[in-house]
Amino acid sequence: PILQNCVFESNNASNSGGGIYNTSAGNPTLNSIIFVNNSASSFGGGMYNSNSSPELWNIYFESNSASSGGGMANVYSNAFIVDSVFNRNFASNGGGLYNVQSNPEIITTIIYNNSATQNGGGIYNSTDGNLIATNVILYGNSASNGGGMYNVSNIPILRNVTFSGNF
């Protein structure tokens, strides 16, 4: 599907994908979308991608929450994210973004003021996935480990990425 100029606000999922859940090669294209105050008990307060490769252009994630991936969670997924913002999202792991066995590409995006009680306030990357980030700013994010970014068993590729004021 193609979604444009939509708002996902105050939605809740008892499991995953509070705002939207993409799976089984569901590869949507989203443009100018707002995800605000959505929640999920497991993955992806704003958006959950499982075996999916969505294209996201000009997306705003704010005040979403989940156990993993407050703003967005990617599991076996390759999200392409451009000109987007992740702000004030919350999770145990991956306040802004949570990536497991995924290869997301993030371009010209700001990830700020997100928080995680455990790992990866801004971004959490784990298990055989390789994040590619270009012209990305991560600031003011917080976590017990990896305020800006937490990496385990992966090799992120970072080009012109700024980390500032994460704790």
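Reader: Among contacts in the protein chain between residues at least 6 apart in sequence, what percentage join residues at least 24 apart?

Author: In this predicted model, 82% of those contacts join residues at least 24 apart. The chain has 0 helices and 20 strands.

Reader: Why is N93 called buried?

Author: The relative accessible area of N93 is 14%, and buried means under 20%, so N93 counts as buried. N93 is found in strand β12, residues 90-93.

Reader: What makes the approach of N93 and N119 a polar contact?

Author: Their side chains make the contact at 3.1 Å, and the cut-off is within 3.5 Å. Leaving aside neighbours within four places in sequence, N93 is also in contact with residues including Y98 and Y124.

Reader: How many aromatic pairs does a search of the whole structure find?

Author: The search finds 10.

Reader: Why is the pair of W57 and F80 called edge-to-face?

Author: The ring centres are 5.6 Å apart and the planes stand at 65 degrees. Pairing needs centres within 6.5 Å, and edge-to-face needs an angle over 60 degrees, so W57 and F80 form an edge-to-face pair. W57 lies in strand β7 and F80 in strand β10, so the pair ties together parts 23 residues apart in sequence.

Reader: Why does F80 count as partly exposed?

Author: F80 has 23% relative accessibility.

Reader: What makes the pair of Y124 and Y150 stacked?

Author: The angle between the planes is 15 degrees, with 5.4 Å centre to centre; stacked requires under 30 degrees. Y124 and Y150 also belong to a cluster linked by ring pairs, with Y21, F43, Y48 and Y98.

Technical notes. Residues numbered from 1 in each chain as written. Predicted model: local features only at pLDDT ≥ 70, side-chain atom pairs only at ≥ 80, totals over all residues. Heavy atoms only, no water. Helix = DSSP H or I, 4+ residues; strand = E, 2+ residues; numbered from the N terminus. Buried < 20%, exposed > 50% of the residue type's maximum accessible area, 1.4 Å probe, protein only. Polar contact = N/O pair within 3.5 Å; in protein donor to acceptor, adjacent residues only side chain to side chain. Contact = heavy atoms within 4.5 Å. Phe/Tyr/Trp six-rings, centres within 6.5 Å; stacked < 30°, edge-to-face > 60°.
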